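I opened this notebook to record what I looked up in the structure. The entries follow the order in which I consulted it.

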Amino acid sequence: MTSLIIKLFSVPIGIIIASWIFPNVEYTRLYQPIIVGLIAAGVGLIMEFIILRRKTLWLSTFSDLIVSWVIVFGISLMFNTAYVSIWGAFWTAVLLTVMEYFLHRFLIEKGLTKKHA
């Protein structure tokens with residue numbers, strides 16, 4: 001639940017920030033990065049549930065990078081007025097991955113990940 005709440009706010013905000021700082025990430029309407037962010041947050045939450053454990057921090061973080069890159073690029077292509085280059089999507093994914101790394105560490109340290117039996 002903690003991860004869901006954090007992701008629902010931080011991922012769309014991260015994509016909005018990326019659109020301000022990266023020249024190859026342009027959204028013409030505010031709802032566009034919010035939709036991309038909510039989709040990325042949902043997929044990221046599912047990935048955390050499946051992958052994230054104490055010993056899989058880096059695997060989970062690297063998986064987030066790849067999946068975020070694909071989602072940001074792919075979903076942005078669906079908006080006629082948005083422009084996100086492959087490199088813009090990559091740098092946006094890097095920004096999101098840095099944020100996710102700290103969230104993953106927090107979840108692991110607080111024991112909020114699913115444990116193996």
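Entry 1. I worked from a predicted model. I began with the buried residues of helix 2, which are Q32, P33, V36, G37, A40, A41, G44, M47 and E48. They lie on the same side of helix 2, because they cover an arc of only 150 degrees around the axis. I noted that I46, F49 and I50 are exposed on the other side of helix 2.

Entry 2. I then asked what covers the buried residues of helix 2. The cover includes helix 1 (2–21), helix 3 (57–76) and helix 4 (86–109).

Entry 3. I checked the extent of helix 2, which runs over residues 31–51. Its 21 residues reach 30 Å from the first C-alpha to the last, close to the 30 Å expected.

Entry 4. I looked up the salt bridges, and the count came to 3. E48 forms one with K7, with the closest N and O atoms 3.1 Å apart. This pair links helix 2 to helix 1 across 41 residues. E48 counts as buried because its relative accessibility is 7%, under the 20% cut-off. K7 is also buried, at 2%.

Entry 5. I found that K7 also meets E100 in a salt bridge, at 2.4 Å from N to O. E100 lies in helix 4 and K7 in helix 1, so the pair ties together parts 93 residues apart in sequence. E100 is buried, with a relative accessible area of 5%.

Entry 6. E109 counts as exposed at 56%, and R105 as partly exposed at 33%. Salt bridges that share partners join K7, E48 and E100 into one network.

Technical notes
Residues numbered from 1 in each chain as written. Predicted model: local features only at pLDDT ≥ 70, side-chain atom pairs only at ≥ 80, totals over all residues. Heavy atoms only, no water. Helix = DSSP H or I, 4+ residues; strand = E, 2+ residues; numbered from the N terminus. Expected span 1.5 Å × (residues − 1). Buried < 20%, exposed > 50% of the residue type's maximum accessible area, 1.4 Å probe, protein only. Arc of directions from axis to C-beta. Contact = heavy atoms within 4.5 Å. Salt bridge = Lys/Arg side-chain N within 4 Å of Asp/Glu carboxyl O.
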